[in-house]
Amino acid sequence: MNSFTELYKTLSNSDLLKIIDNAADYQPIAVETAVAELAGRKLSAEELESAVAANALEQQEKAMRKEKRQAFENKVKGISAQVIDAVHPVQQSTPSTNRIINFLSVALGIMFLLTLFTELSFLTFVFFNKDSRWDSTLLVYLLQLFIVPVLTLLFWRRKRAGWILLCIYCSYSIVSGVVLFFMVMKRFYGIPATDTLFPTMSSASFLWNVVFYGGCLWLVCKRDVRDIYQVNDRSALLIAGITAAVTLGVIWGSLSMR
């Protein structure tokens with residue numbers, strides 16, 4: 001009798017078989033005790049076969065879990081490689097269409113996170129302070145903010161709706177950025193009507209938005225990109241043109257009401 005004898009009496013048949021089958025992982029005395037305990041139980045052929053089958057099933061399930069984990073790790077590595085390849089500053093060749101889509105998705109995601117970080121205190125007040133007042137202006141602001149992750153995800157998944165939403169958002173951002181930039185330069189900013197629609201920002205901020213979203217719009221309107229989303233020239237022109245016209249109309253209307 002040794003320190004393993006009493007312990008092994010509480011183990012199942014399949015657990016004892018595991019020790020015997022993996023003898024290299026155990027002390028010799030532990031393996032000998034497992035053999036003796038299993039022999040002492042005088043198992044029938046059916047009981048022994050059942051224990052072997054249980055171990056085989058457990059090994060199969062363990063292998064499947066390992067395979068799934070490996071597949072998930074490979075998928076994450078593949079996505080990471082695509083993202084790194086898309087945003088790498090040194091490109092060996094002309095960027096492929098998929099690289100452009102991945103680059104835009106990453107850039108928009110980063111922009112959203114930066115905006116979310118800078119607006120965190122305000123959003124905390126809006127959602128958790130009982131004194132905050134919800135009106136149409138606030139709803140428009142929140143829509144503009146949280147539509148970005150939605151359109152980014154749809155665009156990254158190669159959905160046509162994602163392309164349309166991104167084109168609309170870029171067109172809106174460009175037009176509003178240009179108008180507000182010139183309003184700031186002419187000291188026209190500060191009118192209550194426009195202060196209600198747009199937060200106070202520096203002229204450089206508006207100019208940056210114009211440049212960034214102008215670049216995004218140029219990339220999404222490239223023929224190779226549009227072909228993936230099944231958007232023809234006429235549809236792209238209509239979407240961008242209508243959005244620009246509506247944006248100008250809203251801004252003009254807000255100025256007329258001052």
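Mentor: One term to begin with: a residue is buried when its relative accessible area is under 20%, exposed when it is over 50%, and partly exposed in between. Keep in mind that this is a predicted model.
Trainee: Then is K62 buried or exposed, or in between?
Mentor: The relative accessibility of K62 is 42%, so K62 counts as partly exposed. K62 is part of helix α4, which covers residues 45–87.
Trainee: Which residues gather with K62 in a patch on the surface?
Mentor: R65, K66 and R69 do, and together with K62 they make a patch of positive charge.
Trainee: Switching to the inside. How many residues does the largest nonpolar core have?
Mentor: That core has 33 residues, and F155, W163 and Y213 are those with the most contacts inside it.
Trainee: Which elements give two or more residues to this core?
Mentor: They are α5 (97–118), α6 (120–128), α7 (136–156), α8 (160–185), α10 (203–220) and α12 (233–256). Of these, α5 gives the most, with 7 residues.
Trainee: Now salt bridges. How many does the structure hold?
Mentor: The structure holds 6 salt bridges. In one of them, the side chains of K9 and E37 meet at 3.9 Å, N to O.
Trainee: What does the pair of K9 and E37 tie together?
Mentor: K9 is in the loop between α1 (5–8) and α2 (13–21), while E37 is in helix α3 (residues 28–40), so the pair ties together parts that are 28 residues apart in sequence.
Trainee: And are those two buried or exposed, or in between?
Mentor: K9 has a relative accessible area of 47%, so K9 is partly exposed. E37 has 14%, so E37 is buried.
Trainee: Which residues are linked with K9 in a network of salt bridges?
Mentor: E37 and R41 are linked with K9 in that network.
Trainee: What about D15 and K18, where do they lie?
Mentor: Both lie in helix α2, 3 residues apart, or about one turn of the helix. D15 is partly exposed, with a relative accessible area of 28%, and K18 is partly exposed at 23%.
Trainee: Last one. Which residue does D233 meet in a salt bridge?
Mentor: R223, at 3.1 Å, N to O. D233 lies in helix α12 and R223 in helix α11 (residues 223–228), so this pair ties together parts that are 10 residues apart in sequence. D233 is partly exposed, with a relative accessible area of 40%, and R223 is partly exposed, with 49%.

Conventions:
Residues numbered from 1 in each chain as written. Predicted model: local features only at pLDDT ≥ 70, side-chain atom pairs only at ≥ 80, totals over all residues. Heavy atoms only, no water. Patch = residues over 30% accessible without salt bridge, like charges linked within 9 Å, V, L, I, M, F, W, Y side chains within 5 Å. Areas by Shrake-Rupley, 256 points an atom, 1.4 Å probe, with all protein chains shown as cover. Salt bridge = Lys/Arg side-chain N within 4 Å of Asp/Glu carboxyl O. Lys, Arg positive; Asp, Glu negative; His and termini not counted. Charge placed at Lys NZ, Arg CZ, Asp CG, Glu CD. Helix = DSSP H or I, 4+ residues; strand = E, 2+ residues; numbered from the N terminus. Buried < 20%, exposed > 50% of the residue type's maximum accessible area, 1.4 Å probe, protein only. Core = buried A, V, L, I, M, F, W, Y, C linked by side-chain atoms within 4.5 Å.
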